[in-house]
Amino acid sequence: MGELKTTFQISSAPPVVDNICLRNVQLPLPSAPEAWHRLGQRQPCSMSLKLSCCSIVASAAEDDVSLSLDYGQLYRRIEEHVRHWPNVYDGAAKRLPAVGLHGEPISGSPIVDHGQDVTLLAGRIAGLALGYLSETALEINTKRAGTIQEDFGVCEIFLHLPKAILRAEQGLSYRCLSTLGHSSDGVAAAVVTEGEFRIQNIRCHCIIGINVHERLEKQTVIVSLAFKGPGHHQWMTGFMEMYQEMTRIVAEEVDKTTFQSVEALVTLIARIVTVDFGNELVTVRAEKPNALAFSEGTGVEVTRSRSFFV
């Protein structure tokens, strides 16, 4: 990743960076996006987390877990916080505020219920993880100076909500990268440097293909969309406000098409997503699962910007 322009001071990555990982943790959410747009509905959510620090060298050399981060304690802090979601609850745990690249708070959209906003949830989890890292590094370094670098930390979070969107069989995913940063007056924060949304496996049915038998009736086409950008609060908030409607429109428009090529289909989808819904960049994949007998899917993937069309 290139140089980050932010109002917060972010330390460069040291030569040795190690990772503490939690993979596919099941976090039943008291409130989350769901297919029927109802508020306050419990929903399944899986989370994977990678917390990067410098480093676990001393712990490994002495075979001493007290010189490293405790992933069990990190999990318990996250699980306790999520049980109260979307209410703010930290208990005794240290949680850093989540901010965008320009220092703006990750506070959610004024027209999206906080329980429906996965960027808010990810920001709070990143704040907990980086707060835990800062707290633990200070405790360890008090006993043994220089064991863990206190001004460096990166947290990557992946949230998957499999039932968030009616027409998308694999639902909605959100990945964010947050870095430990400090303001000019020394206040620590989780600075969101990168965000990515994925809408996976939108099931559509249309006439597509050049073979005679493919022109007889509609076949299944699976469409997936990916959106990636810097940690600016504005574009992520805009996405949360319109992704449900955008998915519905894409599915309905694809169902009407009669293209001969998948290339033409993915280009149409990219145009809808960027021009009609104002997204700056999208990666579109469309697959025909029934095109070849011994292939799970055949398709085309393209990345297009809004400027490509306008």
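In this predicted model, the centres of domain 1 and domain 2, taken over C-alpha atoms, are separated by 31 Å. The contact between them draws 36 residues from domain 1 and 24 residues from domain 2. According to the domain assignment of the chain, domain 1 covers residues 8–196, while domain 2 covers residues 199–308.

Between them, domain 1 and domain 2 bury about 2300 Å², and 57% of this area lies on carbon and sulfur atoms. On the side of domain 1, I165, R167 and E169 together account for 26% of the area buried against domain 2, which is more than any other three residues supply.

Three salt bridges are counted between domain 1 and domain 2. R167, already named for its share in the buried area, forms a salt bridge with D255, in which the closest N and O atoms are 3.1 Å apart. Across the interface of domain 1 and domain 2, twelve residue pairs are found in polar contact, with both residues of each pair at pLDDT 80 or more.

With regard to secondary structure, the elements that contribute two or more residues to the side of domain 1 touching domain 2 are α3 (118–143), β6 (172–182) and β7 (188–206). Of the elements on this side, β7 gives the most, with five residues. When the residues on the side of domain 1 that touches domain 2 are sorted by class, 14 are nonpolar and 14 are polar, while eight are charged.

Methods: Residues are numbered from 1 along each chain as its sequence is written. This is a predicted model: local features need pLDDT of at least 70, side-chain atom pairs count only at pLDDT 80 or more; totals for chains, interfaces and linings use all residues. Side-chain values use heavy atoms; hydrogens and water are left out. Domain bounds come from an automatic or database domain assignment. Contact means heavy atoms within 4.5 Å. Buried area is the accessible area (1.4 Å probe) that two parts lose on being put together, summed over both. A salt bridge is a side-chain nitrogen of Lys or Arg within 4 Å of a carboxyl oxygen of Asp or Glu. A polar contact is a pair of N or O atoms within 3.5 Å; within protein, one must be able to donate a hydrogen and the other to accept it, and residues adjacent in sequence count only if both atoms are side-chain atoms. Helices (H or I, at least four residues) and strands (E, at least two) are DSSP runs, numbered from the N terminus. Ala, Val, Leu, Ile, Met, Phe, Trp, Tyr, Cys and Pro count as nonpolar, Asp, Glu, Lys and Arg as charged, and the others, Gly among them, as polar.
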